[in-house]
Protein chains: 2
Amino acid sequence: MANPAPLINEQSPLSKVRLRVWIRLLKASRLIEDDLRRKMRDECDWTLSRFDLLAALDRVPEGLKMSDLSRRLMVSNGNVTALVDKLTTEGLAHRVAVPGDRRAFLVQLTDQGKAEFAKTAQVHEGWVDDLLGSLGLDEAEDLLQTLGHVIDDIETGGPGISQPRKEGL
Amino acid sequence: MANPAPLINEQSPLSKVRLRVWIRLLKASRLIEDDLRRKMRDECDWTLSRFDLLAALDRVPEGLKMSDLSRRLMVSNGNVTALVDKLTTEGLAHRVAVPGDRRAFLVQLTDQGKAEFAKTAQVHEGWVDDLLGSLGLDEAEDLLQTLGHVIDDIETGGPGISQPRKEGL
DNA sequence: AATCAAAATTTTATTATTGAAATAAGTTTT
DNA sequence: AAAACTTATTTCAATAATAAAATTTTGATT
């Protein structure tokens, strides 16, 4: 009655709705990210990548390997190398040897790094709170859950594995 | 009105939840975008920017000005120039004069451009449908609505205007 | 041990994007 | 109609990110 949902989803409403979701998700994300990036630059003279890197390190006091950082931040290895190098010369982070593996090391925040991050993180949280000001608690929690499902689905079943979905196209 | 919302939101749970929402939104967005970018490159030999540009043009048959494209795609003017130049030399788009304003022109798709976009758009929709496969219709529609609110709020009340929020800090 | 493949990081060359200055056309003010 | 703005686009130099190759170390197999 309401929706006879065709089995062939080539033209199904659902795939169109999902497409619109993606477009809107991307737009929201860019809108927020661009604004945060601009504020970071103008008001703190930081790049957003730098903030993200410090945020990742701040959450794991024992430190993270380069490859962990690369994976978590979803940026290339070379990029992490350059970022960590810069933070190191500025005294915000340092590399410490991993006992038993001379290839790798852990990147940790210095005390100065922790302190500077703490300051900026507070300001950053305020910006985000402003930008997402339209979200009430319930709405925010729903969103959190839905996005969580999407992420899990992509990370587990998703891209690399590509289970067969349909025969024709 | 409806929300007793503490005036000091510095440590309020809500701002923390919003921060988590932002982090998750960004993660989902990157996960999807990276995957689409990779597939575009590997399977179609297209950049994602190219696809986005064609998509914008496809929706507006009468054509769009460079500045419109720049605004819609949220990329710089110079970037649009370069992209349109490339599409033009490949015969997918062309510039047509705007009567009455010799500064501007409209960028339109050529027939070839429309045809090639149509093909790729179909494939693209399939990828998105897969990536967002965890979203049912209801969930997708909720998400659509919530993201719509977020976007509207940012675009109208948001960044440029910056009504005073707090004195301290 | 000697060899080989995998893992962790760095280096490199290339590409994409930006932001700012430059050019040019249109609009408003005086 | 001159001067001063604003808008539309392009050019250009600098930045940031990537992908791929190179280095070094580890772990496993023979």
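Predicted model: local features only at pLDDT ≥ 70, side-chain atom pairs only at ≥ 80, totals over all residues.
DNA strand C has 21 residues around it, with Met66(A), Ser67(A), Thr81(A), Ser76(B) and Arg102(B) the closest (near here means a heavy atom within 4 Å). Residues are numbered from 1 along each chain as written, chains are lettered from A in the order written, and side-chain values use heavy atoms, without hydrogens and water.

Here are some phosphate oxygen distances on DNA strand C:

| Residue | Protein atom | Distance |
|---|---|---|
| Ser67(A) | polar backbone atom | 2.6 Å |
| Thr81(A) | side-chain N or O | 2.8 Å |
| Arg41(A) | polar side-chain atom | 3.4 Å |

These are polar contacts, meaning N or O pairs within 3.5 Å; within protein, one atom must be able to donate a hydrogen and the other to accept it, and sequence neighbours count only if both atoms are side-chain atoms.

Now for the protein–protein side. Chain B puts 61 residues into the contact and chain A 62 (heavy atoms within 4.5 Å). Between the two chains there are eight salt bridges, each a Lys or Arg side-chain nitrogen within 4 Å of an Asp or Glu carboxyl oxygen. One of them pairs Asp129(B) with Arg18(A), at 2.7 Å between the closest N and O atoms. On chain B's side, H1(B) gives the most, with 24 residues.

Methods:
Helix = DSSP H or I, 4+ residues; strand = E, 2+ residues; numbered from the N terminus.
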